[in-house]
Amino acid sequence: MSSRREKAAELRRLMETDGEAVGEHTRTVNQLSDYAITQFEDYEACREAARGIKERAIENLPELIDTVQEAVEANGGQVHIAQTAADANRIVESIMDARDAEKLVKSKSMTTEEIEVNDHLEDAGYEVRETDLGEFVIQVADEAPSHLIGPAMHKSPEDIAALFNREFDLDEELTGDPHQLTEFARERVGAHIRDADVGMTGANFVVAESGTLMLVTNEGNARKTAVTPDTHIAVTGVEKLVPSLADLQPFTELISRTGTGQDITSYVSLLTPPVDTPVPDFEADEFGDADDREFHLVLLDNGRMGMREDEDLRETLYCIRCGACSNTCANFQSVGGHAFGGDTYTGGIGTGWEAGVHSLDSAGEMNDLCTGCSRCVPKCPVKIDIPWVNTVVRDRVNRSGDADDFDFLVEGLTPDEEPAGLDLQKRFFGNVETFAKVGSLAPELANAVAQSRPGGWLLERVAGVDSRRDLPELATETLREWYGARGSQVTDAERDVVLYPDLYTDYFDPERGKAAVRVLEALDVRVHIPEVPESGRAPLSQGMIETAREQARAVHGSLVDHIDRGRDVVVVEPSDAAMFREDYSHLLPEQSHERLAEHSYEILEYVYGLLDNGADADALAAGDGASVAYHSHCQQRTLGLAEYTEEVLDDAGFDVRTSDVECCGMAGSFGYKSEYYEVSVDVGDHLRDDLGDVDGERLVASGTSCQEQLGVLYERDTPHPVELLSPR
């Protein structure tokens, strides 16, 4: 319990110190990248090409390492293979020593952050200076970066002015004018570059056939760092290798559009070191001989070759470090990378990196802040399934726990496939169907116990359920009980469908399920509601993969017979539609997943299809111009399904406006956990700011978590859109 309190306190502190600046920057960049992508017709083709290049490069990595070694040595440089961070630091120090160097300047590089080269060199007596503006700020502040591409994103211009005023002996204090701050930093960084003995860069990409480095920046500091001192060290992970110069094209098109919303960054430098430009001598005001230049390429493994052999973490090596996954993440927008980060890497893709190059402990510290909302997926330029990588890491963290005194009790009550030692909070939320099923035997009693002070205290103590959050109440009659007593109202139907009774619709909110039945029947569809288990969404969100897989098999087994009879599967809850279409690809055999995905539809997607094929729209309730404020579900957006709801409501005569935020932040169990409750409230506040006043409007949302979040924010019921269309 104390660790949850400590985590909640740390998150609260970071929301207060970093949250405002991080939120402002990431939301702005996210909107810019949205626009840049919509204006880029070749986006999907470029993503496919980039993905293919990375897949082949990682597959052929040993051969590419040999190729680049030959190319660099032919150019006159040296290649060093570092198995560990310590190896890399030792190599860098030996180069400094051999050149009798005292001062090194660096451009921005996450790989050198990973090996902590600054600390190593400074401990050895060398001077190290950052030249990237953000890194310069962070170095002056003695902090860690908070974003893959915006290390000082958590600081406002006023924060930076106060920092410089405090740390430098200035004749006149700086204001928060960004131009003034940039000019101040540029003068100091320029002086360090002129004085340096060695320049160190990373590399966005390394072309194996020629030894060419691609450096992508907006400040031009990387090229100055690389070519001003006579010695250039490039430290980069082995995963940055691509076969040929032509392979750079899709990455050049994508990296800035997804990362910063620019068509292209200010500087895209291609260097084949050692470069043949003369070496400037600023003291003598002359140029030296270009032949005096040295170049060292340090290729870092540090766990990457192990990741290459790991079926799930291998995808992480495709990352081109654009930071788009962080910008599009609602939780990152609230807490920033100092919370949503490990020893080095931050954001959605960060846990995969941390698990691969540092440890599960480092990854576990940040992993739960990915709620699997999937909004980062369409933004990733190389199509990495980031939520799945995070789920795999979560599963591994779960399995690294030690058994405790409660395990013998929990093992007997929960029918999951997980080992002893799993966090009780995760076990509770992952087995919520079991608790709902037991509670529905006496729903009024169960609700009274859950809402009572002793019940709340027990849930908070044992399962970490925040007592400030009201639990949803069990319905007195489940959807299946209602339908079992009522039966189908259509005898000579055009179509037969299975309405999937998801956990929330069945046990907690059967009204939205009843509305779905009435809408389908009004459109001449016969509905079946069979006994089907929970989709596995609940355990999957907790990283309980084997339990989710067992449930996926059971769901497929229950539904496949209906599909064989020609029945479509219609789903009310968008996150379960995402399970059937996307997540089951990881849990079921390919043929089983494809068959279920092919025959599954989200409810208003299905209604849209019926109406488009001639069903009688007048059979549904009419909007008559009523105003509707609609919030679609994050996974619904990722699947491209939100438009169907908007179209159907619009055609029915409703005046619909929508929200633009990526995710409401509740994400199912997330907002109930005591350590994350305040983050969910903070994210929810942004949704309220975005949606604004809804007086005089019908407020509707498609997802369970969205309905609950909006219900709390506006203190009113928030029905599913299908309830607006239900004929009475």
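Trainee: Is Lys379 buried or exposed?

Mentor: In this predicted model, a residue is called buried when its relative accessible area is under 20%. Lys379 has a relative accessibility of 5%, and therefore counts as buried.

Trainee: Which residue forms a salt bridge with Lys379, and how far apart are the closest N and O atoms?

Mentor: The idea behind a salt bridge is that a side-chain nitrogen of Lys or Arg lies within 4 Å of a carboxyl oxygen of Asp or Glu. Here the partner of Lys379 is Asp34, and the closest N and O atoms are 3.0 Å apart. The two residues come from distant parts of the chain, 345 residues apart, with Lys379 in the loop between helix 17 (360-367) and helix 18 (386-399), and Asp34 in helix 2 (residues 19-38). Asp34 has a relative accessible area of 32%, so it is described as partly exposed, whereas Lys379 is buried.

Trainee: How many salt bridges does a search of the whole structure find?

Mentor: The search finds 50 salt bridges. One of them joins the side chains of Arg4 and Glu675, with a distance of 3.6 Å from N to O. This pair also links distant parts of the chain, since Arg4 is in helix 1 (residues 2-17) and Glu675 is in the loop between strand 18 (655-658) and helix 34 (677-691), 671 residues apart. Arg4 and Glu675 are both buried.

Trainee: Where do Glu10 and Arg13 lie, and how many residues apart are they?

Mentor: Both of these residues belong to helix 1, and they are three residues apart, which is about one turn of the helix. Glu10 and Arg13 form a salt bridge in which the closest N and O atoms are 2.8 Å apart. Glu10 is partly exposed, with a relative accessible area of 35%, and Arg13 is likewise partly exposed, with a relative accessible area of 41%.

Trainee: Which residues are linked in a network of salt bridges?

Mentor: The network of salt bridges links Lys103, Glu127, Arg129 and Asp195.

Trainee: Which residues gather in a patch of negative charge on the surface?

Mentor: A patch of this kind is built from residues that have over 30% relative accessible area and no salt bridge, with like charges joined within 9 Å. In this structure the patch of negative charge on the surface holds Glu116, Asp119, Glu122, Asp123, Asp142 and Asp343. Among them, Glu122 is placed in helix 7 (residues 117-123), and it counts as partly exposed because its relative accessibility is 37%.

Trainee: Which residues form a nonpolar patch on the surface?

Mentor: Trp457, Leu458 and Val462 form this patch, and together they have about 320 Å² of accessible area. Trp457 is part of helix 23 (residues 453-463). The label exposed asks for over 50% relative accessible area, and Trp457, at 56%, is therefore exposed.

Trainee: What does Leu596 touch, and is Leu596 buried or exposed?

Mentor: Leaving aside residues up to four places away in sequence, Leu596 touches Leu559, Ile563, Val569, Phe580 and Tyr584. Leu596 lies in helix 30 (residues 590-598), and with a relative accessible area of 1% it is buried. The C-alpha atoms of Leu596 and Val569 are separated by 8.1 Å, while the two residues are 27 residues apart along the chain.

Trainee: Where is Gly176 found, and what does Gly176 touch?

Mentor: Gly176 is in the loop between helix 9 (157-167) and helix 10 (178-195), and at 22% relative accessibility it counts as partly exposed. If residues up to four places away in sequence are not counted, Gly176 touches Pro157, Glu158, Ala161 and Leu181. By C-alpha atoms, Gly176 and Phe429 are separated by 46 Å, and they stand 253 residues apart along the chain.

Trainee: What is the phi of Asp100, and what is the phi of Arg321?

Mentor: Asp100 is not a glycine, although it has a positive phi of about 55°. Arg321, which is not a glycine either, has a positive phi of about 55°. Asp100 is placed in the loop between helix 5 (85-98) and strand 2 (103-106), and Arg321 in the loop between helix 13 (304-308) and helix 14 (324-327). Asp100 counts as exposed, at 67% relative accessibility, whereas Arg321, at 10%, counts as buried.

Trainee: Which residues does a cis peptide bond join?

Mentor: The cis peptide bond joins Pro273 and Pro274, with omega at about 0°. Pro274 lies in the loop between strand 9 (267-271) and strand 10 (279-281).

Terms used
Residues numbered from 1 in each chain as written. Predicted model: local features only at pLDDT ≥ 70, side-chain atom pairs only at ≥ 80, totals over all residues. Heavy atoms only, no water. Helix = DSSP H or I, 4+ residues; strand = E, 2+ residues; numbered from the N terminus. Buried < 20%, exposed > 50% of the residue type's maximum accessible area, 1.4 Å probe, protein only. Patch = residues over 30% accessible without salt bridge, like charges linked within 9 Å, V, L, I, M, F, W, Y side chains within 5 Å. Areas by Shrake-Rupley, 256 points an atom, 1.4 Å probe, with all protein chains shown as cover. Lys, Arg positive; Asp, Glu negative; His and termini not counted. Charge placed at Lys NZ, Arg CZ, Asp CG, Glu CD. Contact = heavy atoms within 4.5 Å.
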